[in-house]
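Dear colleague,

Here is the structure I promised to hand over; please have a look at it before you read on. My notes on what was found follow below it.

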Amino acid sequence: QGQGIALSLFTVEEGGQNLIHYHPRATELLYVITGTIAVGFTDTTGRLIENVINAGQATVFPRALLHFQRNIGTGPAQYISMLNSENPGVMSFPRVFATLPSDILAQALRTPEEIIQQAQATLVPPQLSPGGVNPTYDGAAGPNGNAPVPQVAGQSGPIPNPVDGGDPIIGGPDGTFLPPQMEGAMAGEGMGEISSLYQQFLEFIKMKSSGSRE
């Protein structure tokens, strides 16, 4: 406490996904320790920005923008999430279904309300359900609805690596991968802190790799 940051260590099984979510009070820096993950977020113009991040590489999710991570490699993937707030907050996909009325969701998604209600019954964990009970919850996202979920049976395999297809990833030899619109924008609100934190983290990794004990 008192350092102005929050850190979390994630382990996502092969094919699993960290649910779509956003942090209302923080920008996120994600560093991959092992494995390969596909990441993405939507910007305020409605554009989806996607990256494929390998071990030793990192990416950034701007504050309050919806984003996700999915393990597209072989075996478990592990990564560290660093946020520039001790209280970043999180709003996940199940929480959206838990807090918004079914008729509102039905109209927004152009879907019959009974189908929305069926989805709510499956996706909303007991902790977010009236009375703390939901016997039809599938349990995939854990008791509070924030845990990474496994791959769905019949789901398509790994998405193509944008590095091979040339769209829409940028990066450098130091393993820094940032969305195109964030090139040269690291001085924006919250980004200066994240940039500084990332540089310190890279120095720490280099020091450990070289065997230094300073």
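**Notes on the sheet and its aromatic pairs**

Phenylalanine 61 is buried, with a relative accessible area of 2%, where buried means under 20%, exposed over 50% and partly exposed in between, with a 1.4 Å probe and protein chains only. This is a predicted model, in which local features need pLDDT of at least 70 and side-chain atom pairs count only at pLDDT 80 or more, while totals for chains, interfaces and linings use all residues. Residues are numbered from 1 along each chain as its sequence is written, and side-chain values use heavy atoms, with hydrogens and water left out.

An open sheet of 4 strands has the order β1-β8-β3-β6 with antiparallel pairing; strands are DSSP runs (E, at least two residues), numbered from the N terminus, and two of them pair if DSSP finds at least two bridges between them. Because β1 (6–12) and β6 (58–61) each have a single partner strand, one side of each is left without a neighbour in the sheet. Between β1 and the antiparallel β8 (residues 77–83) there are 7 bridges, and valine 12 stands opposite alanine 77 in β8.

Rings of Phe, Tyr and Trp (its six-membered ring) pair if their centres lie within 6.5 Å, with planes under 30 degrees apart counted as stacked, over 60 as edge-to-face and the rest as tilted; the count comes to 3 aromatic pairs. Among them, phenylalanine 10 and tyrosine 79 are stacked, at 5.2 Å centre to centre and 15° between the planes. Since phenylalanine 10 lies in β1 and tyrosine 79 in β8, this pair ties together parts that are 69 residues apart in sequence.

Best regards
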